[in-house]
Amino acid sequence: MSYPERKRKKTRWSPPLSTPNPSLPDDLLLSIFARVSRLYYPTLSLVSKSFRSLLASPELYKTRSLSGNTEICLYVCLRCCSGYRWFTLCRKPDQTITNNKERKSSGYALARVPILGGSPNVRSSSLVAVGSDIYNICGSINKASPSSSVSILDCRSHKWREAPSLPVELCSVSASVLDQKIYVAGCYNQVQGNGYPDSRKNSFEVLDTKTQIWETKPVPCCSGRIYNFFNSKSTCIDGKFYVVTEDRGSEVAYNSKEGRWDSKELGMGGFMFSDSYCEIDNVLYSVYDGAFRWYDTEVREWKDLNGLFQLPKFSAGACVRLADYGGKMAVLWDQLPYHYGYQKEIHCAVVERPTRYEMWGKSCEIWGKVEWCDLMLTVPTSYVLVKVLAATL
């Protein structure tokens, strides 16, 4: 008697259950992170608390420095009703199609910088970047409350720390960087015996960022003329610290090597009082009255910056900020969308390193090319674009 052959029961194969891998050692993670562009750090910090801690650790930046992986990072400061908010340029985790025009995104975004304890009061002319630090040379937001405080934002850990205070309390301040030193031109209130301010006096202070020591320098007095540093603007060109006075018609330059002031009527100040200017490769650029210009020191006049066809025509009152982004030009501006309601947009563009073309005689032109341009943020209309800076990390 034969028995019918049993059919084998078919079973679906499934892989064996995997056990979680042990976490990678911190030393190995630091070595990996040091080789990754910092543009991806905001995304990596979302993975876990341990990642976030390692990305803000001093050991990571020591490893980056030893391996030669330092890079330029863009920081943006916005003022809102509750204080100040900081953002940094980063790469988006994915490349997606955005907006109604169905164009591809640039792949960049502004990520909020988490700062414990918030940010101190700042103003555009008092913020400067030296290496991985952003210095806040705190002239007073309220003219009735002068200040001598100086604070530093460490862009590696995103923590503020106190720095040596100014020798005097300033009611107006403008700062620029030259050879790792911060030059500060400002005014302080001279007080009478009864305790009331008598008049404003000029102040000129220099901070050596290596020694963290302030040095008071003589204020300018050229050919019997005393220049007023109240609400002045400053920049560094040709190895000199230039101060443009409030009347827009006078510039005075401090030669750090010779330790003296020179009075020069260069005409560069007319396009510097909107806070929309920066220096790149020893050339001063400005956005004023809706147009991009650069200052030709040879013929002492402002000229149009050509080639920026992808950028919009800014209105006369538009808030535009410029920064030297490692030789490139970072341009940020705000604008109201067509149906804006209670919000406005923050846009960013990066212009390739401007190129100078010699023409004839002393005449020349500078052309720029927009590398990318994109919408970064949508914020309430109460937000104000304060400053854009580039730190080296």
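Start your tour at the second largest pocket, where the lining is made of eleven nonpolar, five polar and six charged residues. (Nonpolar takes in Ala, Val, Leu, Ile, Met, Phe, Trp, Tyr, Cys and Pro; charged is Asp, Glu, Lys and Arg; the others, including Gly, are polar.) This is a predicted model, in which local features need pLDDT of at least 70 and side-chain atom pairs count only at pLDDT 80 or more, while totals for chains, interfaces and linings use all residues. Residues are numbered from 1 along each chain as its sequence is written, and side-chain values use heavy atoms, with hydrogens and water left out.

**Stop 1: the second largest pocket**

The second largest pocket holds about 490 Å³ of space. Select Ser45, Arg52, Ala56, Pro114 and His158: of its 22 lining residues, these are the closest to the centre. A pocket here is an open set of points, on a 1 Å grid over the protein atoms alone, where a 1.4 Å probe fits and protein lies on both sides within 12 Å along at least five of seven lines; a lining residue has an atom within 4 Å of a point. Points are joined across faces, edges and corners, and the volume is the space filled by probe spheres set on them.

Now colour helix H2 (41-44), helix H3 (49-55) and strand E5 (108-112), each of which gives the lining at least two residues. Which of the elements supplies the largest share of this lining? That is H3, with four residues. Helices (H or I, at least four residues) and strands (E, at least two) are DSSP runs counted from the N terminus.

**Stop 2: the helices**

Move to H1 (26-33) and show Leu29, Leu30 and Phe33, which are buried. They span an arc of only 100° around the axis, so they sit on the same side of H1. (The arc is that of the directions from the helix axis to the C-beta atoms; buried means under 20% relative accessible area, exposed over 50%, partly exposed in between, with a 1.4 Å probe and protein chains only.) H2, H3 and H4 are among what covers these buried residues of H1.

Next, select helix H4 (58-66), where Leu60, Tyr61 and Arg64 are buried. Viewed down the axis, the buried residues of H4 fall within an arc of 90°, which means that they line one face. An α-helix has 3.6 residues a turn, so residues three or four places apart point the same way. On the buried side, H4 packs against H1, H2 and H3. Just past the end of H4, look for Gly68, which has a positive phi of about 70°.

**Stop 3: the largest pocket**

The largest pocket has a volume of about 1000 Å³. It is lined by 39 residues, of which Val128, Ala129, Val177, Glu279 and Asp324 are the closest to its centre. Colour strands E6 (127-130), E10 (172-178), E16 (233-237), E20 (277-280), E24 (320-325) and E30 (384-392): each contributes at least two lining residues. E30 provides the largest share, six residues. By class, the lining counts 18 nonpolar, 13 polar and eight charged residues.

**Stop 4: two loop residues**

Asp275 lies in the loop between strand E19 (260-264) and E20. Is Asp275 buried or partly exposed? Its relative accessible area is 21%, so Asp275 counts as partly exposed. Show its contacts (heavy atoms within 4.5 Å): beyond four places in sequence, Asp275 touches Ser124, Lys233, Val320 and Arg321. Arg321 is 46 residues away along the chain, with a C-alpha separation of 7.0 Å from Asp275.

Then go to Cys138, in the loop between strands E7 (133-137) and E8 (150-154). Cys138 is buried, at a relative accessible area of 12%. Leaving out neighbours within four places in sequence, Cys138 contacts Asn121, Ser147, Ser148 and Ser149. Between Cys138 and Asn121, 17 residues apart in sequence, the C-alpha distance is 7.4 Å.

**Last stop: the whole chain**

Zoom out to a chain with four helices and 30 strands. Of its 393 residues, 46% count as buried. Colour by pLDDT, the predictor's confidence in each residue from 0 to 100: the mean is 85, and 84% of residues reach 70 or more. Two stretches to pick out are residues 15-21, with pLDDT under 50 and zero contacts beyond four places in sequence, and residues 96-102, also under 50 but with eight such contacts.
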